[in-house]
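Look at the model as a whole before turning to its parts. Then follow the chain through its pairings and its packing.

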Amino acid sequence: MGKVNIFLILVLSSVLQLSAQSMVQITGMVRDSISHEPVPFASISAPGSDVGLIATEHGGFNINTREKITKLRVSAVGYATKEITIKPGQSVAIIEMSTDAVSLDEVVIKRGKEKYSKKNNPAVELAKKLIAKRKEGDPTNNSFYSFNKYERLAYGFNDLEEAGGKNSLLRKYKFLEEYADTSTLTGHKVLPISIKEQLSTEYFRKSPKSHKEYIDALKSNGLDESFDQTSIKTFLNEVFREVDIFGNDVTLMSNKFVSPLSSIGTTFYKYYLNDTLDIGGEKCIELSFVPFNTEGFGFLGRMYIPLNDTTLFIKRVTMNVPHNINLNYVERMHIIQDYQKAEDGSRLKLRDDIEVEFRLVKGTPGMFARRETSYSNHSFFSPNDILIFEKPGEQIIDSKAFKREESYWTFNRPQTHGVDGNTVQNMLNRLRQNKIFYWGEKIIVTFVNGYIPTNGKNSKWDFGPLNTTISGNSLEGVRLRLGGMSTVNMSNRWFTRAYVAYGCRDEKLKYQGQLEYSFNEKQHLDQEFPIHSIRLMHQYDVDKLGQKYLYTNTDNVFLALKRQEDNKLLYLRKTQLEYKLETLNHFSVAVGFEHNIHEHSKFLNFIYPDGTTRNKYTEAGFKATLRYARGEKFYQTRLFRFPINMDAPIITLSHTYMPKGFMGNLYEINKTEVGLQKRFWFSAFGYTDIILKGGKIWSKVSYPDLLLPNANLSYTVQPESYALMSPMEFVNDQYLSWDVTYWANGLLMNHLPLIKKLKLREVVSFRGLWGSLSDRNNPAKCGDVFMFPDGTLSQEMGKRPYMEMGVGLDNILTFLRVDYVWRLTYRDTPGVDRHGVRIQLHFTF
């Protein structure tokens, strides 16, 4: 869900793009082909003309001439001369320079298609030594370590003046020139539309191991202000993580890249030694690295090691990604890190900058994102407040963090970093005076949020969710629904939700009302982390047995298309009182009381083996749920939490107890369920998501309360559900289940000629369920439990587990996943699907 902000901006930019006249000026940059660092003072000429100039120290140049220019020739010390063609009307030229040979100690390794050998290669030997020493100098090996950190993250429109000057924002909205910035990656004009700043101090303790970040100041301005800022911050921090090359993997753009210092580095990368260069007044050896397979998740880059440093201290790292890497939307990336050696040899990071240029589809407006981080005041003394390590959570946010005056920022920023947030806000205010932009923004924000505000930013009640306004099922026919929720503008502690729905076929009115009190003051949403609340809810609606979806409503219009008739439906009248507490360590406890009245429908009845029937039955009791997910990261919406990653293990334990006879209980319900899920990474070779669950009912219950596996009747891929199972096909009072999905990240496709250009990625899934039904809950052996309704195909599971497998291709057109799934067991059951195709919209980098 966090990626939706990037796509939102791409769409919004299209309403601003209008045609413009071509330019006479040729503006460009000369840069290194591997590191993308500027090449200073390059000599530039145009053959056949009098044009001749020297690039700036930052590699930039600007040509103004009336002469016809068809080519540019560029030369620089240490690089091969390069000649490029200039097309008619071209106004921008990015010239990438390459070295034609690298040498050290009279050993020359020429680049190109010649055979690369690791044997007796001094570059490989140096790389092995660096890998062996990568943990040396880690400042967190000290008893205590701390530093101050300033972080600025900006993103916005890129290429304001494209080649030929067409589709220029600056042509239509000339006032945007006042707010434009310059890309450090290309030298082009860019337009920031969101800027986020943070001032913090990080503390490390060796024993017992602990890491805390005290955030002193936070500031955010921009186009994304209509969304949950905490979720956006979490998403951006995950996508643009601080790069750590001193491990096996580098987590970036929600992927794992192989570090140049990985234990498999010499197998994954080719290394080259270049001539020594002056870095910060110190002669350094330059070690370049390039992946053997440039479609894989690796970097192109260089490491700089002081020439006379026997500890092989790395002073600077510059990296980018190969042009043909299997990475979506990214056109260019540049990473640069600088380090300083402490007196004890510790490695002190001074800066960590990354800039990325995106484009959703070729020909559409581009975007940029730039994260600049600087570090200062490194210390190995214990913090003044040693109790900071005892505070819950990894991040502690100062109560005044969001309220800092501009003077505070001006004084504490380490240096001026281009356009500031206030300037961006002023620019957006002027843009919103344009009706096309104003209404375009409102429509897209409404579509993404799924709710219609009643009074803009000051709305106290929002109508939605929109995707449930109309839907349908076999019992209700066409279903119409109108609902909404209160916002923090009404109260930041009291929240309400409500809806009414009407089935055109069963002609029944359904409804829900909910009142919640939060013990924490909320900033944006009632469900924002951490929750500490008490909630009362009453509902009368359809109950879909064996169909529970994790990240969407059951009456979502996009799930209306079914692969078989959806008729395992009852009516449920439910009242629930729940107390929920989430801690900053991501441990949560929920305890509650609920009273349910199950009512029959025309599809499902309550009939005993002797033929006696009931129209409804009651159950009431208590439920407690424990959940632990240390390090969990998610994107919060109005209704659901979408995981940003699944790296953290998630453990759940729940127990339900409803005594027989209590408030009219027909049966005793005594049920326990447990769950565990975790993502396992295999470096750049993909990852596996594993979900394990189990449950047991310790008492005699009616069939709606048995452990019914989730059957997915839609044609979409839904997590933790079975694509080919029918609802109520299997009835159990104890079970074990597994859901394993391997995402290969193009492990095979990246090696296939021509096909690799499509950037396809493989995905394999394997799901299964083993369960059984005790005699006390089997109506064929026990006369005082309800019969399984006719037409449900309900059966006891034999000795074989139910299993299904899927093989598919992900990243089709960068957003579509298509799986072919088939049953491995119970294929002869009448009326079931044995195989089929399932799809999913899957946006990822």
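What follows goes from the whole chain to single residues.

This is a predicted model, in which local features need pLDDT of at least 70, side-chain atom pairs count only at pLDDT 80 or more, and totals for chains, interfaces and linings use all residues. Residues are numbered from 1 along each chain as its sequence is written, and side-chain values use heavy atoms, with hydrogens and water left out.

Start with the overall build. The chain holds eight helices and 45 strands. Both are DSSP runs numbered from the N terminus: helices are H or I with at least four residues, strands are E with at least two. The radius of gyration of the chain is 31 Å, close to the 28 Å that the globule rule gives for 845 residues, so the chain is as compact as a globular protein of that length. That radius is taken over C-alpha atoms, and the rule is 2.2 Å times the number of residues to the power 0.38. Along its principal axes, the C-alpha trace spans about 100 × 65 × 60 Å.

Now consider burial and surface. Of the 845 residues, 54% are buried. Buried means under 20% relative accessible area, exposed over 50%, and partly exposed in between (1.4 Å probe, protein chains only). The accessible surface comes to about 38100 Å². Carbon and sulfur atoms own 56% of that surface. These areas come from the Shrake-Rupley method with a 1.4 Å probe; for residues, only the protein chains shown count as cover.

Contacts reach across the sequence. Among those between residues at least 6 apart, 64% join residues at least 24 apart. A contact means heavy atoms within 4.5 Å.

Next, follow one run of strands. Strand E19 (residues 316–320) pairs with strand E20 (residues 330–341) in the antiparallel sense, over four bridges. Pairing requires that DSSP finds at least two bridges between two strands. E20 also pairs antiparallel with strand E21 (residues 347–359), over 11 bridges. Gln337 of E20 ties the two pairings together: its bridge partner is Val317 on one hand, and Gln337 stands opposite Asp352 of E21 on the other. Five residues lie between the strands in the hairpin of E20 and E21, where Gly345 takes a positive phi near 90°.

A second hairpin joins strands E36 and E37 through four residues. E36 (residues 633–636) and E37 (residues 641–645) run antiparallel, with four bridges between them. Gln636 has Arg641 in E37 as its bridge partner.

An α-helix has 3.6 residues a turn, so residues three or four places apart point the same way.

Finally, some single residues. Ser146 sits in strand E10 (residues 144–158) and is buried, at 10% relative accessible area. Beyond its neighbours within four places in sequence, Ser146 contacts Glu202, Tyr203, Asn377, His378 and Ser379. Ala132 belongs to helix H2 (residues 122–132) and is exposed, with a relative accessible area of 64%. Cys284 is buried at 0% relative accessibility, and Cys782 is buried at 12%. A search of the whole structure finds zero disulfides, a disulfide being a pair of cysteine sulfur atoms within 2.5 Å.
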